Amino acid sequence: MNTRAETLPLARPTVNRTAPRPLRAATAEPPWVRWSLVGVALAFLTFFLFIPLALVFAEAFKKGLDVYLAAITEPDALHAIRLTLLAALIAVPMNLVFGLAAAWCIAKFEFRGKNLLLTLIDLPFSVSPVISGLIYVLVFGLQGWFGEWLRDHDLKVIFAVPGIVLATVFVTFPFVARELIPLMQAQGTEQEEAARVLGASGWQIFRRVTLPNIKWALLYGVILCNARAMGEFGAVSVVSGHIRGQTNTMPLHIEILYNEYQFAAAFAVASLLALLALVTLGLKYAVEQRVKAQKRGANDRSE
């Protein structure tokens, strides 16, 4: 005998045919938003970077290769190039030594005045280069604190090579230190302490432990420091005196040529700085990838 339950058809389970829409991540954007931002960025770079850069080289070679070569081999131009290289060759090693020592002290030790030292390192970022050049004039100029003493001993700082080097050192000394400090703080002191326990000397710890861990960041800071040293205008302009063939660096020489309506020569010398900027950009990108990988490794070890 069949029961009522046996005669009734089996009920099918209800299926929700409207699947829930996947949730979008909070940081995800629709494709059109991403492509619009990329397009705006490319347009900005094209109009304000790529086109001006191309125009520099176009104007430099506008009157032919002979005019270009004559402009960059002219005696005043050669002196400006040599002076620029000399200032960079002196300023960059000095900033390398200072940046390395300052970063080591700040990242590896605790001492009174640490925050003050960090503030002083950032000072050139907050002070106009023109103001920094004016400070050197007030200190070493004829009417400055040491002006009479320098005059009596026949020493020249302002309107001479020493003043240019001092101004270049001042505006560029944060670059190496500021690149090393975050990395060395992330790395900590465990490796140095372990090497010390094993009997390594201070020089051995630096050469075999610290330096290999920071070499790419150090190189990155040196590249940025060198680029700023060769392209510095404001501070050098104040302390140089614009003496043609004596105290003009490449940026100052370009300004003089442009003000004298020697546009082909001005753009020819400017193309050398532009070429230097492109080479620096390529080196910066290559080293930057190494630095990022090094920082990721340091963060992973600290965790």
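Colleague: Why is Thr168 called buried?

Modeller: Thr168 has a relative accessible area of 1%, and buried means under 20%, exposed over 50% and partly exposed in between, with a 1.4 Å probe and protein chains only. So Thr168 counts as buried. Before we go on: this is a predicted model, where local features need pLDDT of at least 70, side-chain atom pairs count only at pLDDT 80 or more, and totals for chains, interfaces and linings use all residues. Residues are numbered from 1 along each chain as its sequence is written, and side-chain values use heavy atoms, without hydrogens and water.

Colleague: Is Thr84 buried or exposed?

Modeller: Buried, because the relative accessible area of Thr84 is 2%. Thr84 is found in helix H4 (residues 75-108). Residues up to four places away aside, Thr84 touches Met230, Thr249 and Met250.

Colleague: What does the side chain of Thr84 reach at 2.9 Å?

Modeller: The side chain of Thr84 reaches the backbone nitrogen of Met250 at that distance, 2.9 Å. A polar contact is a pair of N or O atoms within 3.5 Å, one able to donate a hydrogen and the other to accept it within protein; residues adjacent in sequence count only if both atoms are side-chain atoms.

Colleague: What lines the largest pocket?

Modeller: The lining includes Phe140, Leu142, Arg151, Asp154 and Lys156. A pocket is an open set of points on a 1 Å grid over the protein atoms alone, where a 1.4 Å probe fits, with protein on both sides within 12 Å along at least five of seven lines; lining residues have an atom within 4 Å of a point. The largest pocket holds about 200 Å³. Helix H8 (residues 147-152) gives the most to its lining, with 3 residues.

Colleague: How do the residues of the lining of the largest pocket divide?

Modeller: Into 7 nonpolar, 2 polar and 3 charged. Ala, Val, Leu, Ile, Met, Phe, Trp, Tyr, Cys and Pro count as nonpolar, Asp, Glu, Lys and Arg as charged, and the others, Gly among them, as polar. The lining of the second largest pocket divides into 3 nonpolar, 2 polar and 4 charged, and that pocket has a volume of about 160 Å³.

Colleague: What makes Phe140 and Phe146 a stacked pair?

Modeller: Rings of Phe, Tyr and Trp (its six-membered ring) pair if their centres lie within 6.5 Å; planes under 30 degrees apart are stacked, over 60 edge-to-face and the rest tilted. The count comes to 12 aromatic pairs. Phe140 and Phe146 are 6.0 Å centre to centre with 25° between the planes, so by that rule the pair is stacked. Phe140, at 24% relative accessibility, is partly exposed, and so is Phe146, at 40%.

Colleague: Why is the pair of Trp203 and Phe206 called tilted?

Modeller: The angle between the planes is 35°, at 5.7 Å centre to centre, so the pair falls between the two angle limits. Trp203 and Phe206 are 3 residues apart in helix H12, about one helical turn. Trp203 is exposed at 56%, whereas Phe206 is buried at 13%.

Definitions and conventions: Helix = DSSP H or I, 4+ residues; strand = E, 2+ residues; numbered from the N terminus. Contact = heavy atoms within 4.5 Å. Points joined across faces, edges and corners; volume = space filled by probe spheres on them.
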